[in-house]
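Subject: Structure for your review

Please find the structure for your review below. My notes come after it.

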Amino acid sequence: MIDFSTAPELELLRDTAARFASDHLRGNAREHESVRGVTDAAARAWRDTGLKLLEFPGENGGAGLGALARVLVNEELGAADPGATLALDSSATGLYVSAIHPAQRVVVVCDLESRLTVAGGRLSGSLPWVPADEPAVVAVLSREGAAVAGAPKVLEILRGSGLRAAGASAVNLDGVEVLSQWSDRAAAATALARVRLYTASLLLGVMREACEYSRAYAVDRVVFGRPVAHHQGMAFMIADMAMAVEACRLLLHEAAWKLDRGDSDAAAVCARALVEACEQSMFVTPSALQLLGGHGFMQDHPVEKFMREARTLSLMAGGVDAARDDGGAALVDAARVEVARTGGS
Amino acid sequence: MDLELDRQSRDRVTMLAALGRDTLRPLGLEADRLGRPIPADHEFFASLVELGQGRTRWRPGHGSGGRESGQEAGRTGGTLAMICAVEEMSYWDRGVAVAFPGPGMGEAAIMGMGTEDQKQRFLGPFVEPDRPRWGSFAMTEPGAGSDTSAISTSCRRDGDDWILNGAKMFIGNASRADWIMVWATVDRKQGRGGHRAFVVEKGTPGLGNFKIEKKMGLKAYESTSFTLEDCCVPAANLLGGEQYYQSREGTRGALRTFNAMRPMVAAMAVGMGRAAQDEALIFARDNGLLDRTRVRDRFERIDRRLAAARLLAWKAAWLADKQLPNITEASMAKALAPAVALEAASLGMELLGETGARGDHLVEKLFRDAKAMDIVEGTGQVQRVIIARQLVDLPRS
C-alpha cells in the first residue's frame, strides 16, 4: 500500500539532525570554511547526537539503521553545511566500505576508472583532490571491491572550490599499505549505491536551503515596484526550483526505500537518484544566486557557497557520468531482453 | 514509507493491461487513422459495461453522503487507485480511456456538492447501467480555458427554472452524454463566486449545435462544442441547490474537482510517456541503436524524469486520499509529467527518423497525443502560477 509518511522513529532522527544543524552548523558555516574544519563545540555536540554511527550494526555500538534514515539525516545536514558534515561524519561514510575504523578520518574515493592500483598489499597512484587536509585512512571503492589503506602522503593543502569546511588536499598513495581488502562485485555495487545516496542526499539539502533562502529574499526585495518574486519570470523560476527539489527528494526516498528492501534494481535506482540530484543542483543553486542578483555573488549571503558546494558534491561518488552509465545500462540491458509493454508499477 | 501498490491495484492494472493490449490500443490507432471518435454505439462500449466498467462510485441509501464502493474508491485508496488505473489505460491509449462510458468528471462534483435527490437522479442510472451511458463536464468556453473565473455562460433565475445562455467548447463526450454538467455565472464580475453548476439533461430545449472538433491527436474521444440558447433548466438541476451557493461553498466546488484531477492528468501523461519510451526502446533495440551512448543517456533521462513525475503524482494522490492539502504537489505533478511525456515521444520521433515522418507509427501518434496533456486541467504555466501563489503569494492580478 503506497504510503509517503515517515515512521515516527525516523522523524525523531530527522528532528535531531535538524536541531543539531541549526544550533551548530548553519550559523558557523563561514567560520567552518575559514578554519577548514568544525569547532570543538560542534564536534562535541555531534558526538552527543548519536547520529555518527547511524548505520553501524547494533553489535558495534551503532543504531543499525538503513539508507532511508541516512537520506533524511543528510538532507538536514547538507542544508546547513555539507563540508562540515564531511568533516564530522567521514568515518560513517567509510562505513559503507568497511566498518573497521569508526574513529578515524576516512576519505572514501570511488575509483570507477581504475586510477589507482593495488599490488603486493600496497596502493599506487595519486588524487588531485580529497575532501580532507590530512586523511588518516583512504578507502578506495572500485567496481570489484574495496581496499582500505593508511594515511596517504599529502602533496599539497588546497583551497578547494567547495566543501572547504571539510579541508582539501592533493595526495599521493604510492606505497601506502593496504590494511584490508575485499573483492565482491555485488557488494561493491551496493557500497557504491550507498555512497551515491549519501552524496545525493547532501545535495538535496543544499538545494532545499538554496531554494528557501532565495525564495525568502525574493519575497522581501522590491524591484520595479514589487517583490522580485512577484515578477512572473522570477515566480516561475521559483516554482521550477521547488519542483526540482521535491522531485529529487522523491527519487531519493524511493532509492533508499528500495536499497533498504534489497530490491534487485536498487543500485540502478540509486544511480538515477544521484544523476537527478547532480543535474537539478546545477539548476537550483545558480538560479538561487540569480534571484539575489549582485548580492548573490557576494559572500555576505550563503548562496554563492551553495553553488560551489553543489558543484563540488556532484563531482564526488564516482561522478555523474558513471551514475548515468549505470542507470542507462540497466535500462537498455532490460530492453535488450524484452520491453515489458505493460504498465505495472 | 511504502511505494508498493496493494494487491487490488496490481490486479486491476494487470486486468487493464490485458484490456489495453487487446482493445484500447487497436481502437485508438483505428480512430486516429479514421480521424473520428469511436461511435457511441460501438460494441466496445457495450462490452465494457458488461465487464462492469462505466459505473459510478456512488452507492445509494447509505447515510447523507451516499457511500463509495470500497473497491473503486475506499476512503484510504480512492485517488491513488484511480491514478494507477488511468496511468495504465493511458499507456495503451489515453483517447480511448477518455471515451470510456461513465459519469466522468462531473461525478465527483455531484458526490461532493449534489443533493440526495440529484445523486439519485444523475448518478443512479450509473449504478448498474443498462447500456453505455456518459456524463459530461463543461467548463471551457471559447473565451475561457485555464482561467475558469472568466467563463461567460450566463444563468438567470426564471420562476422554477434557470435560463442559460452561452457556448462551451472542447467538452469531452458531450454529444453522447445523458447529462452535461454546465458551469455558468450569475455575474461575471464575481469571478468564481458567481459560478453555478447545472446538470443539463440531453434533449433540453436550447441545448444544441453540437460540433465535434477536429484535433491534432487523441481522436478516439469526442471533444465537442455546443451552445445554450435560452436553455431552460429546472431549478432542481442546480447542483447542490440554492442554499449551497449562498453558503459560499459554490466557489470551491470546481476547484476541489480540479484538485483531485491534476494528479490524475499527470498520471495519464506518465502512462503516455512510458508508452512512447517503450516503443522508442523497441525501435532502438531492433535497429541497433542501444549501444550508442548518446541514445542511452537520453533514455536514462526520460526514464528518470518519468519516475519523478509518477512519484509526484502518487504523492499528490496520497495526500488527497489523506484529505491533506495537495495544491502544490498536484500542480507540480501536472506541470512536470506532460513535459516529460512530450520529451519521450519527441525522442522516439528522433530515433525513428524518417520512419517517424511517415505518420503511421505509434510513436508519431503519441507525439501528437501527448501535447494536449500540458494544456488540459490548467496549462503548465497555470500550474506554475498556482505553485508560486503557494510559495511566494503571487498576486492574482
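This is a predicted model: local features need pLDDT of at least 70, side-chain atom pairs count only at pLDDT 80 or more; totals for chains, interfaces and linings use all residues.

Residues are numbered from 1 along each chain as its sequence is written, while chains are lettered from A and ligands numbered from 1 in the order in which they are written.

Chain B overall

Chain B has 13 helices and nine strands; these are DSSP runs (helices H or I, at least four residues; strands E, at least two) numbered from the N terminus. Its radius of gyration is 21 Å, close to the 21 Å that the globule rule gives for 397 residues, so chain B is as compact as a globular protein of that length. The radius is taken over C-alpha atoms, and the rule is 2.2 Å times the number of residues to the power 0.38. Along the principal axes, the C-alpha atoms of chain B fill a box of roughly 75 × 50 × 40 Å.

Contact between the chains

Two residues are in contact if their C-beta atoms, placed from the backbone, lie within 7 Å. By that criterion, 41 residues of chain B touch 41 residues of chain A. On the chain B side, α9(B) gives the most, with 13 residues. This side of chain B divides into 27 nonpolar, one polar and 13 charged residues. Here Ala, Val, Leu, Ile, Met, Phe, Trp, Tyr, Cys and Pro count as nonpolar, Asp, Glu, Lys and Arg as charged, and the others, Gly among them, as polar.

Domains

Domain bounds come from an automatic or database domain assignment. Chain B is divided into domain 1 (7-105 + 119-126), domain 2 (135-246) and domain 3 (251-392). The C-alpha centres of domain 2 and domain 3 of chain B are 29 Å apart, and 11 residues of domain 2 of chain B are in contact with 11 residues of domain 3 of chain B. The domain 2 side of that contact has five nonpolar, five polar and one charged residues.

Chain A is divided into domain 1 (1-96), domain 2 (104-183) and domain 3 (186-335). Between domain 1 and domain 2 of chain A, the C-alpha centres lie 23 Å apart. The contact takes 16 residues from domain 1 of chain A and 15 residues from domain 2 of chain A. α5(A) gives the most to the domain 1 side, with nine residues.

Core and two residues

A nonpolar core is a set of buried Ala, Val, Leu, Ile, Met, Phe, Trp, Tyr and Cys residues joined through C-beta atoms within 7 Å. The largest one has 243 residues, and those touching the most other members are Leu197(A), Ile238(A), Phe198(B), Leu312(B) and Ala313(B). Helix α7 (residues 232-261) of chain A supplies the largest share of this core, 19 residues.

Leaving aside neighbours within four places in sequence, Ala313(B) has contacts that include Ile83(B), Pro263(B) and Val270(B).

Val199(B) is in strand β7 (residues 195-201) of chain B. Val199(B) counts as buried because it has 24 C-beta neighbours inside 10 Å. Its C-alpha atom is 5.7 Å from that of Ile180(B), 19 residues away along the chain.

Definitions and conventions. A residue is buried if 20 or more other C-beta atoms lie within 10 Å of its own, exposed if 12 or fewer, and partly exposed in between; C-beta atoms are placed from the backbone.
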